[in-house]
Amino acid sequence: MSFRRWIFLLGALSALLCAQPVRADNGPHGGYTATTDACAGCHRAHTAQGNNLLVTGSSTALCLTCHGTTGTGADTDVMDGVYLQRDTTTESPDEGEVNRGLKAGGFLYARMDTAWVGSTAARPVTSSHLWDASTGTAWGSGTWGSGPGEAMALECVSCHDPHGGAGGGNAATYRLLRPTPLGSGTSAVMIADENPKHYTIDAADGKYFGQTYEAVTFNNLAAWCATCHDRYLATAGSGHTYSGDDVFAYRHISVGSGCGCHNINGGPPPTGNTTYAHQPVSCLTCHVAHGSSASMGGYAAHVAWPDGSTAPSGDARSALLRVDNRGTCELCHNK
Ligand code: HEC
Ligand code: HEC
Ligand code: HEC
Ligand code: HEC
Ligand code: HEC
Ligand code: HEC
C-alpha cells in the first residue's frame, strides 16, 4: 500500500472517530467540568434537608423533584412511565418520542399495551420494583441452596449512581447503572452507555415485547439483574439440567441464545413468531425494569412465590411482565 493511501486511510479513520460523539451520562449526572453548576441541582452547602447534604429529606424525593409526576427538571417521568418535553434543554437528536412509554415501564402508571390490542392509554401499574427504601425479598439472592432469597431495601440510588461515571475511570454506564448495585454483594457488571440515547420504546402502539437494545447491553443486563437475583441467571440447557437448588431447580433460559432456537431444547419452532423467536434472551425479554401494568387471570394470577406464599395474587402477581398473563411465552413459542 502506498504512503498516500495510508495517509488517506488514517484521515478517514480519524474523521470517523471524531464524528462519533463521546458516550456520556446525561442531565446533571456526571461529565463534570471544574466549574460545573450541576452540584447545586441536588446539594446545599449550609441549608441541606437531608444527609449527604441533599436538598430534600431523602435521595428518592430528590430524584422525583426532576423525574416525578410534577417534576420539571427532566423529560423522563418515571412515575407515569412517559417521556415528556418539560425541561429547559432541547435535545438534538431527540432522546425519545413525547407521550410515549419509557423503556423501563413506570412506577405508578405505565403506557404499555399489555393486552396486545393497540391501546396506549396510561394504566396503573400492578407490580413494580420498590423505590422508597422499603424492604422486600430479592428473590434468588444468595448462593445455591440458600433458600428463596434475601431481604433487601431498595431505592433509586440502589441501582443508579447519581454522579454518573459509574463504570470506573469515570466511564459512563448505561442509565447510570452501578456495576455493583447497593446491597447486591460483590459482583460487578459494567454495562457501557448507549449512543445515541433513546428513552422510549420502539413501537408507537405501546407493545413492549420485542424491544430493540444494543446486543451487548441486552446480554449484560441479565448478569446485571442477577447481581441481586443471583440464581435466576440461566444459560441454555438449564431447563433440563438440575441446578442442585431446591427452589430454583430447573430454570428457563434467561441469558444468551437457545441452541439454534428451533425446537432444540424445546426452543421456539420454525413456525414460532419470527419477530421474537430469534431474539437472544435476557431478563428484559420478559420483564421491564421499573414497573408494569400487566394483568393476570386464571392460572397466572395464582402462581405461588418462591417461598411458597400465595399473597399477593391476582393482577399483583404480574412480576413486571411485558404482556398480560403468559403472553410472553406464547409470542415466542407459538404453541
Ligand atoms: C442528581 C443529583 C446529584 C447531583 C447533580 C450531585 N449529587 Fe452528590 N449526591 C447525590 C446523592 C443522591 C447522594 C447520596 C448518595 C447515596 O445515597 O448513595 C450524593 C452524595 C454525594 C457525596 C457523598 C457520598 C459520595 O458519593 O462521595 C459527595 C461528596 C457528593 N455527593 C458530591 C457532589 C458534587 C461535588 C457534585 C457536583 C459535581 C454532586 N455531588 C452532584 C446526588 C447528586
Ligand atoms: C435537577 C434535576 C435532576 C435530578 C434531581 C435528578 N435527575 Fe436524573 N436526569 C435529569 C436530566 C435532565 C436527565 C436527562 C434525561 C431527561 O431529560 O430525562 C436525567 C437522566 C437520568 C437518567 C438517565 C441517564 C442516562 O445515562 O441516560 C437516570 C437513570 C437518572 N436521571 C436517574 C436519577 C436518579 C436516580 C436521581 C436521584 C438520585 C436523579 N436522576 C435526579 C435531571 C435530574
Ligand atoms: C439492587 C438489587 C436488585 C436489582 C439490581 C434488581 N432487583 Fe429485582 N428485586 C429486588 C428486590 C429487593 C425485590 C423485592 C421487592 C420489590 O418488589 O421491589 C425485587 C423484585 C423483583 C421482581 C418481582 C416484583 C414483583 O412485585 O412481582 C422481579 C420480576 C424482578 N425483581 C426482576 C428484576 C429484573 C428484571 C432486574 C434487572 C433489570 C432486577 N430485578 C434487578 C432487587 C433487585
Ligand atoms: C432495581 C433497579 C432499579 C431501581 C430501583 C430504579 N431503576 Fe431506573 N432503571 C433501571 C434499569 C435497569 C433501567 C434501564 C431499563 C431499560 O432500558 O429497559 C432504568 C431506567 C431508568 C431511566 C431511563 C428511562 C427509562 O424508563 O428507561 C430513568 C430516568 C430512571 N431509570 C430513573 C430511576 C428513578 C428516578 C428511580 C427511583 C424512583 C429508579 N430509576 C429506580 C433500574 C432501576
Ligand atoms: C422467558 C421469560 C422470562 C425471562 C427470560 C425471565 N423471567 Fe423472570 N419471570 C417470568 C415469569 C413468567 C414470572 C412469573 C412467575 C413464574 O411463572 O415463574 C417471572 C417471575 C420473576 C420474579 C418474581 C419471583 C418469581 O419467581 O415468581 C423475579 C424476581 C424474576 N422473574 C427475575 C428474573 C430475572 C432476574 C431474570 C433474568 C436473569 C428473569 N426473571 C428472566 C418470566 C421470565
Ligand atoms: C425470546 C423467546 C422466548 C420466550 C419469550 C420464551 N421462551 Fe421458552 N424457550 C426459548 C428458547 C430459545 C428455548 C431453548 C432453551 C435452551 O436451549 O436451553 C426455550 C425453551 C423452553 C422450554 C424447554 C426447556 C428445556 O430445556 O426443557 C420450555 C418448557 C419453555 N421454553 C417454556 C416457556 C415458557 C413457559 C415461557 C413463558 C414464561 C417461555 N418459554 C418464554 C425461547 C423463549
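Is His290 buried or exposed, and what is its relative accessible area? His290 is buried, with a relative accessible area of 16%; buried means under 20%, exposed over 50% and partly exposed in between, with a 1.4 Å probe and protein chains only.

This is a predicted model, in which local features need pLDDT of at least 70, side-chain atom pairs count only at pLDDT 80 or more, and totals for chains, interfaces and linings use all residues. Residues are numbered from 1 along each chain as its sequence is written, chains are lettered from A and ligands numbered from 1 in the order in which they are written, and side-chain values use heavy atoms, without hydrogens and water.

**The iron site**

Select the iron atom of ligand 4, then His160 and His290. Their NE2 atoms are the protein donors of the iron atom, 2.0 to 2.1 Å from it. Donors are N, O and S atoms within 2.8 Å of the metal (3.2 Å for Na, K and Ca); water is not among the atoms, so sites may look incomplete. The two histidines are 130 residues apart: His160 is in the loop between helix 3 (156-159) and helix 4 (215-225), and His290 is in the loop between helix 6 (283-286) and strand 8 (291-292). Helices (H or I, at least four residues) and strands (E, at least two) are DSSP runs, numbered from the N terminus.

**Around ligand 4**

Next, display the surroundings of ligand 4. There are 25 residues around it, and the closest are Cys156, Cys159, His160, Tyr174 and His290; a residue counts if one of its heavy atoms lies within 4 Å. Select Tyr174: an N or O atom of its side chain is 2.5 Å from an oxygen atom of ligand 4. At Ala104, a backbone N or O atom lies 3.3 Å from an oxygen atom of the ligand.

**Aromatic rings**

Now select Phe107 and Trp131. They form a tilted aromatic pair, 5.2 Å centre to centre with 50 degrees between the planes. Rings of Phe, Tyr and Trp (its six-membered ring) pair if their centres lie within 6.5 Å; planes under 30 degrees apart are stacked, over 60 edge-to-face and the rest tilted. Both Phe107 and Trp131 are buried. Move to Tyr213 and Phe218, a stacked pair at 5.3 Å and 25 degrees; both residues are buried.

**A charge over a ring**

Finally, select Arg317 and Trp305. The charged end of Arg317 sits over the ring of Trp305, 3.7 Å from its centre; this requires NZ of Lys or CZ of Arg within 6 Å of the ring centre and within 35 degrees of the ring normal.

Definitions and conventions: A polar contact is a pair of N or O atoms within 3.5 Å; within protein, one must be able to donate a hydrogen and the other to accept it, and residues adjacent in sequence count only if both atoms are side-chain atoms.
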